Amino acid sequence: MSYIMLALGWVLNFFYILVGNYGVAILLFTLFIKLVLMPLTVKQQRSMLKTAKIQPLLMEVQQKYGNDKEKLNQETMKIYQKYQINPMSGCLPLLIQLPILMALYWVVRKPIIYTMGFGGDEVWRIVSAIEEWGFSNPDALKNFLGQLHLEQITALGDNNYKNFGMYEIQVAKLLHQYPEIMQNHWITEMGKNIKAVDFNFLGLDLSATPNLGALLQLCIGKIDGLTPGIIALWSIPVLSGLTSFISVKYSQTQQPPQPVQKDKDGNEKTNPMKTMTMIMPFFSAWITFTLPAAVGLYWIASNLFQMLQQWLLTKMIKVEITDEQIEGEIINAKKNRKKRKK
C-alpha cells in the first residue's frame, strides 16, 4: 500500500506544481485516475449493455429452471459464455477504486511524506528548521505548539518521529503560512525543489474533516462553536450524496428497460438498483463526513466524471447482440420445452 500512496502522492504533487491550486490538482488527479481505469470501465460498460440485451433470455431460463438452482446456474453461465459476458466485470473497477480511496486518504493526511516528497528519514530536518525559525519568532511558535497541545517542538520527534506523522497536516500548514521556514539550511541543503502545500480551495480547507457533530447539534438548536468554515465544509458531504444519487439514476436511464422479475408466487421482486439508489447517497454523505474534504472532493469529481464517461461510452460502444437474435433463442427454448412436455 505504501508504494501506491507514494505513486498517488507523486501524481497529486505533479498536478499541484503544474496548476498551483490544491483543489484543481485533486480534480485533475481524479480525471487521471479515470483515464487510467478507462480500459476496465469500457469492459464493464460493454458487459452491462450485453447483459441488458440478453435479459429476456435470462428471464426465460429463470422461469424454466426456477425450482432447480443448480441447473439454473449452469444454464445461466452457458448464456454468459456464449455471448462472452463476464458477470463479475462490473465489480472490478469498484474494487480498484476502494484501495485508491484509502491510499488518497493517507496522501492527504500525510502531505509532507507523500505529496511534498520528504522521506521518513528526512522529517527531522523540518523539525530542526522550525526550531531555528522559532528563535526569531517565539510568539508564532508558541501559538503553533498550543494548537498541537505540545510544550516544545522537539516533541514531534518522540517515538522515532511517529508523533510527527500525527501532526503532518498542521506542520504542512505552518510551512505554507511561513515560507521562510522552507528556506532554512536544513531543508535547502537537501537539494530538492520542494513546494509547501496550500489546502485552500474556494475558501474551503481541504485538509479539514466536515464536522458531523456540529451538524447534529445544529439540528437540536445548539450553535455554540459554529463557524462559517465548519458550515462551508458541509457542502462536501451534501454534494457527495447529491452527485451519487444523480450518478446512480443516470446509470439506470442509460440501460435498456429490464423485464419485471417475479417470484414463484407471481409477486414482483425487489429491484436491487432501486435499493442502491436509496442507499448510495446516504453512504456517500456519511463516508465523506469521516474523511478530509479533499477526499470528498475526489468523490464528487469521480461521480461527475463517471456520468460523462458513461454518456460517451454508451454512444460509442455498439453491442453485437440483436433483439431478433434473442427473440429467436427464446422461441426455440419454448419449443423445446413443449416437446419435452409431450
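**Entry 1: a word to settle.** I call a residue buried when its relative accessible area is under 20%, exposed when that value is over 50%, and partly exposed in between. With that cut-off, Glu168 counts as buried because its relative accessibility is 1%. I also noted that this is a predicted model.

**Entry 2: the whole chain.** I looked up the secondary structure and found 18 helices and two strands in the protein chain. The chain has 342 residues, and 43% of them count as buried. I then checked the contacts between residues at least 6 apart in sequence: 75% of these join residues at least 24 apart. The chain exposes about 19700 Å², with carbon and sulfur atoms supplying 60% of that area.

**Entry 3: salt bridges.** How many salt bridges are there? I counted four. Back to Glu168 for one of them: its side chain meets that of Lys110, 3.1 Å from N to O. Lys110 sits in the loop between helix 6 (92–109) and helix 7 (111–114), while Glu168 belongs to helix 11 (residues 168–177), so this pair ties together parts 58 residues apart in sequence.

I looked up Lys192 and Glu122 next, a salt bridge whose closest N and O atoms are 3.1 Å apart. Lys192 is in the loop between helix 12 and strand 1 and Glu122 in the loop between helix 7 and helix 8 (123–136), so parts 70 residues apart in sequence are tied together. Lys192 is partly exposed at 40% relative accessibility, whereas Glu122 is buried at 16%.

Arg125 and Glu189 form a salt bridge too, at 2.6 Å from N to O. Arg125 lies in helix 8 and Glu189 in the loop between helix 12 and strand 1, so the pair links parts 64 residues apart in sequence. Here Arg125 is buried, with a relative accessible area of 17%, and Glu189 is partly exposed at 48%.

**Entry 4: a lysine in helix 2.** Is Lys34 buried or exposed? I found it buried, with a relative accessible area of 8%. Lys34 is in helix 2 (residues 22–36). Setting aside neighbours within four places in sequence, I found Lys34 in contact with Gln97, Ser302, Phe305, Gln306 and Gln309.

**Entry 5: aromatic rings.** My search of the whole structure gave ten aromatic pairs. One of them, Trp10 with Phe14, is stacked, with 5.8 Å from centre to centre and 10° between the planes. These two are four residues apart in helix 1, so about one helical turn separates them. Trp10 is exposed at 60% relative accessibility, and Phe14 is partly exposed at 42%.

The rings of Tyr22 and Phe199 have centres 4.9 Å apart and planes at 70°, so I wrote this pair down as edge-to-face. Tyr22 is in helix 2 and Phe199 in the loop between helix 12 (185–188) and strand 1 (200–201), so the pair ties together parts 177 residues apart in sequence. Both Tyr22 and Phe199 are buried. I also noted one aromatic cluster formed by Trp10, Phe14, Phe15 and Phe32.

**Entry 6: helix 15.** Last, I checked a length. Helix 15 (residues 235–253) has 19 residues and should span 27 Å at 1.5 Å a residue; its end C-alpha atoms are 27 Å apart, which agrees. Its buried residues include Ile236, Pro237, Tyr250 and Ser251.

Technical notes:
Residues are numbered from 1 along each chain as its sequence is written. This is a predicted model: local features need pLDDT of at least 70, side-chain atom pairs count only at pLDDT 80 or more; totals for chains, interfaces and linings use all residues. Side-chain values use heavy atoms; hydrogens and water are left out. The expected span of a helix is 1.5 Å times one less than its number of residues. Buried means under 20% relative accessible area, exposed over 50%, partly exposed in between (1.4 Å probe, protein chains only). Contact means heavy atoms within 4.5 Å. Accessible areas come from the Shrake-Rupley method with a 1.4 Å probe; for residues, only the protein chains shown count as cover. Rings of Phe, Tyr and Trp (its six-membered ring) pair if their centres lie within 6.5 Å; planes under 30 degrees apart count as stacked, over 60 as edge-to-face and the rest as tilted.
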